[in-house]
Amino acid sequence: MNDREANLVVRDSFGFFYVSTDVGIMRYDGREFVSVNTSNLFKYNIDPPV
């Protein structure tokens, strides 16, 4: 992850950080980064917090 530029960082209510880069989305749990499968995200209408 060191050579990537983060476009957006979001923390959810469970304490996970989601990092958006030019190659995808990674989840960080405080120990490691894990790739997030984004194919299912487009099935839901997710409104950002205001």
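How many salt bridges does the count come to in this structure? The count comes to 1 salt bridge, and it is formed by D29 with R31. The model is a predicted one. Its protein chain contains 0 helices and 4 strands, and the 4 strands form an open sheet with antiparallel pairing.

**Overall architecture**

- Along the sequence, the protein chain follows the pattern β-β-β-β.
- Of the 50 residues in the protein chain, 6% are buried.
- The protein chain exposes about 4600 Å², of which carbon and sulfur atoms supply 52%.
- Considering contacts between residues at least 6 apart in sequence, 4% join residues at least 24 apart.

**The sheet**

- The strand order in the open sheet is β1-β2-β3-β4.
- The edge strands, β1 (8-11) and β4 (33-35), each pair on one side only.
- From one strand to the next, the twist averages 25°.
- In general terms, strands of a sheet pair through backbone hydrogen bonds, in either a parallel or an antiparallel manner.
- Strand β1 is joined by 4 bridges to β2, which comprises residues 17-21, and the two run antiparallel.
- Within this pairing, L8 stands opposite S20 in β2.

**The salt bridge**

- D29 counts as partly exposed, because its relative accessibility is 29%.
- R31 counts as exposed, because its relative accessibility is 74%.

- E5 is located in the segment before β1.
- With a relative accessibility of 61%, E5 counts as exposed, since the threshold for that class is over 50%.
- Leaving aside residues up to four places away in sequence, E5 touches S20, T21 and D22.
- E5 and V23 are 18 residues apart along the chain, and their C-alpha atoms are separated by 9.7 Å.

Methods. Residues are numbered from 1 along each chain as its sequence is written. This is a predicted model: local features need pLDDT of at least 70, side-chain atom pairs count only at pLDDT 80 or more; totals for chains, interfaces and linings use all residues. Side-chain values use heavy atoms; hydrogens and water are left out. Two strands pair if DSSP finds at least two bridges between them. Axes are lines fitted to C-alpha atoms, for helices over the stretch in contact, and angles run from 0 to 180 degrees between N-to-C directions. A salt bridge is a side-chain nitrogen of Lys or Arg within 4 Å of a carboxyl oxygen of Asp or Glu. Buried means under 20% relative accessible area, exposed over 50%, partly exposed in between (1.4 Å probe, protein chains only). Contact means heavy atoms within 4.5 Å. Accessible areas come from the Shrake-Rupley method with a 1.4 Å probe; for residues, only the protein chains shown count as cover.
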